[in-house]
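Colleague: Could you take me through this model feature by feature, with the general idea first and then the case at hand?

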Amino acid sequence: MTGPLVALGLAVVATLVIWKGSTYFERSAERLSKFYGLPVAVHGAIVVAVGSSFPEISSIVISTVVHGEFSLGVGAIVGSAIFNLLVIPALSAFASEDLEATRDIVHKDAQFYIISILVLFLVFALGATYVPGGTNEAAILTPVLVLIPLVTYGVYVFLHQQDASDHVAPDAPDIRPLKEWGTLAVALLVIAVGVEGIVRAALSFGDFFGTPTFLWGLTVIAAGTSLPDAFVSVRAARDDDSVTSLTNVLGSNTFNLLVAIPIGVLLAGEATINFLAAIPTMGFLTFATLVFVVFTRTGLEITDREAYTFVLLYATFLCWISLESIGVINTVRGI
């Protein structure tokens, strides 16, 4: 069993590796989007969001296939979604003078993200209720069930494709697309190596402290794998590109919930999650989403006061889930 200091060092190094790979990915993705003439909203909601979600995909794939810990990967996905909604907009607001939202972000991207939460909740409920072996404590996810979120994400991509059909692209920059695609592939490989390191660190923390792996997925892995989204959104906010900054957060979360978790199930053939622990955390995610929608809609901007509220909510979440995991409080059965 690895000691906590060694695990902490591994987590820090792995996070730096993820950051480095994400930096190269971001540059290549931006150049390719301009080369292919994609609209800004599509670039933020799909291209950047999918790419910056690669750490989360890697976390659930590695946790499930390599370590046999599907719940660790699910915890990372849900924890990452909460981090993305509360911490990243706050950092982006602090980094920019005026983090503005648009009606499209509120009425299309944010609302579809709420739908994605409801769809995933439905899949969990079906797995706990109707799949043989499922109980009110365990939800069994099958390949047939996860087709529901995958089809839903297909609808999301279709809606963005419809919006992009009338887009008139500016002149393409002078780049070598094959070189950029190659850089993209190498960057994704570097990110995967970093994710393996942070997963091992999380498992070591769980063994040493005798706590559920779900906790470390919600916290350590979630924060480490969310770094690409944070860097992309903060840099966009500094460049006065609020649309990319916010659509990246919503698009990344939508992809994580509707695609990353189903990928883990498809690779495992079948997966079981702790239904009693997953539903309360999904409930907090829903609450955080509603707060995000209200804050972005009021004045169509995120103020510094609202950003501090986001940070306070995330700190509250960390305290709550940590106290639950070590048994100090017992408001949630299953953790």
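**Reading the model**

Modeller: Let us begin with accessibility: Gly68 counts as exposed because its relative accessibility is 58%, where buried means under 20% relative accessible area, exposed over 50% and partly exposed in between, with a 1.4 Å probe and protein chains only. This is a predicted model, in which local features need pLDDT of at least 70 and side-chain atom pairs count only at pLDDT 80 or more, while totals for chains, interfaces and linings use all residues. Residues are numbered from 1 along each chain as its sequence is written, and side-chain values use heavy atoms, with hydrogens and water left out.

Colleague: In which loop is Gly68 found, and how far is its C-alpha atom from that of Ala268?

Modeller: Gly68 is in the loop between helix 3 (54–66) and helix 4 (70–95); helices (H or I, at least four residues) and strands (E, at least two) are DSSP runs, numbered from the N terminus. Although Gly68 and Ala268 are 200 residues apart along the chain, 8.7 Å separates their C-alpha atoms.

Colleague: How should I read a helix by its burial, and which residues of helix 8 are buried?

Modeller: One counts the residues that fall under the cut-off. In helix 8 (residues 213–225), twelve of the 13 residues are buried, so the helix is largely enclosed by the rest of the structure. Those buried residues are Thr213, Phe214, Leu215, Trp216, Gly217, Leu218, Thr219, Val220, Ile221, Ala222, Gly224 and Thr225. Ile221 counts as buried because its relative accessibility is 0%, and its C-alpha atom is separated by 7.9 Å from that of Ser80, 141 residues away along the chain.

Colleague: How many salt bridges does a search of the whole structure find?

Modeller: Side chains of opposite charge can pair when their charged atoms come close. The search of the whole structure finds one salt bridge, the term being used for a side-chain nitrogen of Lys or Arg within 4 Å of a carboxyl oxygen of Asp or Glu. The partners are Glu196 and Arg200, at 2.4 Å, N to O.

Colleague: Which helix holds Glu196 and Arg200, and is Glu196 buried or exposed?

Modeller: An α-helix has 3.6 residues a turn, so residues three or four places apart point the same way. Both Glu196 and Arg200 lie in helix 7 (residues 177–209), four residues apart, about one turn of the helix. Glu196 is buried, with a relative accessible area of 19%, whereas Arg200 is partly exposed at 45%. Val193, also placed in helix 7, is exposed, with a relative accessible area of 53%.

Colleague: Which residues make the nonpolar surface patch?

Modeller: Patches are made of residues with over 30% relative accessible area and no salt bridge, like charges being joined within 9 Å and nonpolar side chains (Val, Leu, Ile, Met, Phe, Trp, Tyr) within 5 Å. Leu5, Leu8, Val12, Leu16 and Trp19 make a nonpolar patch of about 500 Å², with areas from the Shrake-Rupley method, a 1.4 Å probe, and only the protein chains shown counting as cover for residues. Val12 belongs to helix 1 (residues 4–35) and is partly exposed, with a relative accessible area of 44%.

Colleague: Which residues form the negative surface patch?

Modeller: Glu97, Asp98, Glu100, Asp239 and Asp240 form it. Lys and Arg count as positive and Asp and Glu as negative, with His and the chain ends not counted, and the place of a charge is taken as NZ of Lys, CZ of Arg, CG of Asp or CD of Glu. Asp240 sits in the loop between helix 9 (227–238) and helix 10 (242–268), and is exposed, with a relative accessible area of 66%.

Colleague: What is the phi of Leu300?

Modeller: Most residues other than glycine have a negative phi, and most peptide bonds are trans. Leu300, although not a glycine, has a positive phi of about 50°. Leu300 is found in the loop between helix 11 (275–297) and strand 4 (301–302).
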